[in-house]
Amino acid sequence: MKEVTLDIPVTADLAVLWRDDRLYLLDQRLLPRREVFIECSDAATTAAAIRAMVVRGAPAIGIAAAYGVVLAARQRFAQDAAGWRPALEDDLRVLAESRPTAVNLFWAIARMRELLATLHEANPVPALLAEAVAIHQRDLADNRRMGELGASLITGPTAVITHCNTGGLATGGWGTALGVIRSAHAQGRIDTVYADETRPWLQGARLTAWELVRDGIPVKLMADGAAAARMAAGGISWVIVGSDRIAANGDVANKIGTYGLAVAARYHGVRFMVAAPTSTIDMGAADGRAIPIEERPAEEVLQCGGQRIAADGAGAWNPVFDVTPANLVDAIVTERGIIERPDRARLAAHMGAA
Ligand code: MRU
C-alpha cells in the first residue's frame, strides 16, 4: 500500500479524501500516533485498504467503495474506451468482497451500479464521480440530522457509554452515535463520555478518544468488561452506539460487545440508542440471523499492538460483530426520524415513508 503524507491539518472528517482526482484514506491503523494517508489507485487497492482496516466504520467503507468505483472506471475506460463495462463488473465484485457485514458497502456499490446502467455517454467517470461525491455529502448531512434528533432524546446533563468508533473517522463526517454525542454535548445534555476501549482493534482507545479529546469533550476510557460495573455505579442514562446493518425487524449488528452492553443496559435501567442512517437498514434481511458476521484472523485476539500476548498453543474466536435483538433497543435514530421500541412494523413504516 502506498503511504503518503499530505500537507494539510488532519481532522476526523478526512477518513476518506478525494483530492486532485486522487483517493486518499487516512490510515486508521496508525492513529493516534501517526497521521498518514494511503493512496488508492484502483478497485483492488481500495478493497485491500478496506479489508486491512485502513478505513473502517460502515458509512466510511461505503463512501470509500464509491470512490473505488470511480478509480476503477477511470482505469478501465483508459484501457478500453469501447469495451470497459465487463472489466468494471469484476472491479465491483472485488470491492463487494472486501468486508461482509457493513451493508453500507453494498448499498453504495448498488447506487453506483444503478447509475452505470443509465450511462450512455462514452466516458462514465464524471457522472460516477458526481455520484460518489453525493454519497459522501449525503452521509455528512444525515449525520448532522441524526445528531439533532438523537440529542433531543437525552435529558441531561448526563454521562453516556459508547462502543467502538462511530465518529467522523467512521463516516463522511460528524458521526452516527458520536454525532449524537457531539450534538448533545454542544447542547449541554452530555457531560462525560465513557468509551469502551474496544478490543481487539481498540477503536475506542485509539479513535474515539482521539476525536473527543480534539473536540474538548470529556472522555474516560474503560476496559470493555468494565461497562456493566459502570452502569451499576449510576449516572449513566444512555448507551449510544452505531450499526453496520439493521435487519427488517430491528435487530442490530454492531461491533462485538454491543450485545453485552445492551443486556447490561436493560438490567440496569439504562436506555439503549442506535444511531444509523437508513443506508444501514437492510430490509432484505428478515432478522439478525440473516446478517453475515465477519470473522477475522485469530492473531488479532492473540496479539496486542503486534505483540503476541496469549499463551502459546491457545486458539481464538474472533467474530468482529454481534447482533443485538430489537427488543433490547429503546430507539433507532436515522436521518428520517426516531423509531422508538423498533419492531418489524415500525421499521417498515419508517422505510416506506421515504
Ligand atoms: O470493524 P469496524 O471498525 O469497521 O466496526 C465499526 C463499527 O462497528 C461501528 O460501530 C459501525 O460501523 C457504525 S459506525 C458509524
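Reader: Great, thanks. So where does the ligand lie relative to domain 1 and domain 2, and why?

Author: It lies between them, because domain 1 (2-141) and domain 2 (143-352) both give residues to the shell around the ligand. Keep in mind that this is a predicted model.

Reader: Noted! Which residues come nearest to the ligand?

Author: The shell has 19 residues, and R56, A58, Q203, N254 and K255 come nearest.

Reader: And which elements each supply at least two residues of that shell?

Author: Those are α2 (58-79) and β10 (252-255).

Reader: How do the shell residues divide into nonpolar, polar and charged?

Author: There are six nonpolar, nine polar and four charged residues in the shell.

Reader: Nice. What about R56, how far is its polar side-chain atom from a ligand oxygen?

Author: That distance is 2.8 Å. A58 uses its backbone instead: a polar atom there is 2.8 Å from an oxygen atom of the ligand. For R99, an N or O atom of the side chain sits 2.9 Å from a ligand oxygen.

Reader: Handy for checking a pose. How much of the ligand's area does the protein bury?

Author: The protein buries 100% of the 410 Å² that the ligand exposes when taken alone. The space the ligand takes is also the largest cavity.

Reader: Where are P157 and P200 found?

Author: P157 is in the loop between α5 (125-151) and β5 (158-162). P200 is in the loop between β6 (190-196) and α7 (203-215).

Reader: One last thing: is phi of C164 positive or negative?

Author: Positive, near 65°, and C164 is a residue other than glycine.

Conventions. Residues numbered from 1 in each chain as written. Predicted model: local features only at pLDDT ≥ 70, side-chain atom pairs only at ≥ 80, totals over all residues. Heavy atoms only, no water. Near = heavy atom within 4 Å. Polar contact = N/O pair within 3.5 Å; in protein donor to acceptor, adjacent residues only side chain to side chain. Areas by Shrake-Rupley, 256 points an atom, 1.4 Å probe, with all protein chains shown as cover. 1 Å grid on protein atoms, 1.4 Å probe; cavity = no way out; pocket = protein on both sides within 12 Å on 5 of 7 lines; lining within 4 Å. Sits in = over half its atoms within 2 Å of the grid points. Helix = DSSP H or I, 4+ residues; strand = E, 2+ residues; numbered from the N terminus. Nonpolar A, V, L, I, M, F, W, Y, C, P; charged D, E, K, R; others polar. Domains from an automatic or database assignment.
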